Amino acid sequence: MNDEELAERFEAARPRLRAIAIRMLGSSADADDAVQETWLRLARSDADAIDNLDAWCTTVVSRISLDLLRAPRSTREQSWNIEPWRDEPVDTAPDLADLVDRSDRVNVALLVVLDALTPAERIAFVLHDVFGQPFDEVARAVDRSPDAARQLASRARRRLREASVPDRADRRRGRALVEAWLTAAQEGDLAALLGLLHDEATLHADYGTSTQTLHGSAEIGAQAVLAARLAAHSSPVLIDGRPGVAASFGDRIVSLMAFDIEDGRIIDLQVLADPERLAGMTI
C-alpha cells in the first residue's frame, strides 16, 4: 500500500474515529488531536503488516483517548458546551447509548454521567455499548483480557444506572442563585454579591492573551460590581451541565461564566473571555 492509498483509507475512517473520540472525551478539540495523533502513528507504522486497518485505528484512537482521560483535568481544554437553561429536567432517563447516537456532539447530560466512570470503564462502555465493538477489540484498546473488558463494560452500565441526576430543587436553586447574581451585579449591590459568595471562593478567568485569578469573596464581589454593563447583557445558561451565564452583544458571545455551588453559595467561578475560543460559539 503506497502513501496515497493509506491516506485515502484513513480519511475514509476519520469521521468514525472522530465520533468515537468525541464521545469518549467530550471535547471537539481533544477529539481532533486524538485523531490526528492516530494518523501520525499510522504514518510511522508498517501499514502492510496491519491485518485490519479499521480495528488498528480504533484501538490506537481509544488508547490515545484513554491517556487523555487519565491526564489531570487541568491539562485538558474545557469543552464549554452551552445550552439554554431548562427549568425542569426530563423525568425519565433516556437510554445512554441512544443518547449518544442522537447528536454529533456529546450531550451534556451524558458527559455528566460518564464522569462517574473510570477512564477504562468509559472506553469499554463507549466502544461496546455505543459502537458495538466486540470485546476482543475493546480488550486491545484498554490493554486487558476480553473477560476483563466485559467486566469493565458491565461495571460501567451498573455505575451509570446508579449515577444520580440533579433534582428539580437543585436546578431551581441554581437558577435562582444565577439570577440573583446577575441582578446584584447589574445594580452594583456589593452586599448582595458577598452574600451569594463563599468566603473562600475563587475566580479563574481566561482572556486569551492573559489570565486572572481572584481569591476570596471581597475581591470577586468588587470585580463583579465593575462588570455591571456586562451583566446587563447576560442571561442564565447551562455550561457543561453547570449553572452559568453568557454575556452577548447581538449574536456574538463575549463572555461565559460557569459556577460551582457548595452549600447554597458560589465556591468557584470559571470565566472564559478569550475571543478566539468564543468565536463561533452559540447557545
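**Figure 1. The loop between α7 and α8 holds Asp-143.** The model is predicted: local features need pLDDT of at least 70 and side-chain atom pairs count only at pLDDT 80 or more, while totals for chains, interfaces and linings use all residues. Residues are numbered from 1 along each chain as its sequence is written, and side-chain values use heavy atoms, with hydrogens and water left out. Helices (H or I, at least four residues) and strands (E, at least two) are DSSP runs numbered from the N terminus. Although Asp-143 is not a glycine, its phi is positive, at about 60°. Asp-143 counts as exposed, at 64% relative accessibility; exposed means over 50% relative accessible area, buried under 20% and partly exposed in between (1.4 Å probe, protein chains only).

**Figure 2. Asp-263 occupies the loop between β6 and β7.** This residue, too, is not a glycine, and Asp-263 has a positive phi of about 55°. With 74% relative accessibility, Asp-263 counts as exposed.

**Figure 3. The largest nonpolar core comprises 40 residues.** Such a core is a set of buried Ala, Val, Leu, Ile, Met, Phe, Trp, Tyr and Cys residues joined through side-chain atoms within 4.5 Å. Leu-17, Met-24, Leu-42, Val-61, Ile-123 and Leu-127 have the most contacts inside the core. Two or more residues come from each of α1 (3–25), α2 (28–43), α3 (53–70), α6 (119–130), α7 (135–142) and α8 (146–162). Helix α1 gives the most, with 9 residues. Apart from this core lies another, of 24 residues, including Leu-182, Leu-193, Ala-205 and Ile-220.

Figure 4. Glu-121, placed in helix α6, is buried, with a relative accessible area of 1%.

**Figure 5. Strand β2 pairs with β7 and with β3.** Two strands pair if DSSP finds at least two bridges between them. The pairing of β2 with β7 (residues 265–272) is parallel, over 6 bridges, and His-204 stands opposite Gln-270 in β7. That of β2 with β3 (residues 211–215) is antiparallel, over 5 bridges, and Ala-205 stands opposite Gln-212 in β3. Strands β2 and β3 form a hairpin with 4 residues between them, and Gly-208 in the turn has a positive phi of about 90°.

**Figure 6. The second largest pocket has 23 lining residues.** On a 1 Å grid over the protein atoms alone, a pocket is an open set of points with protein on both sides within 12 Å along at least five of seven lines, and lining residues have an atom within 4 Å of a point. The volume of the second largest pocket is about 350 Å³; a volume is the space filled by probe spheres set on the points. Ala-227, Leu-230, Ser-255, Met-257 and Val-271 lie nearest the centre of the pocket. Elements giving two or more residues to the lining include α9 (168–187), β2 (197–206) and β6 (252–262).

How values were computed. On a 1 Å grid over the protein atoms alone, a cavity is a set of points where a 1.4 Å probe fits but cannot get out, and a pocket is an open set with protein on both sides within 12 Å along at least five of seven lines; lining residues have an atom within 4 Å of a point.
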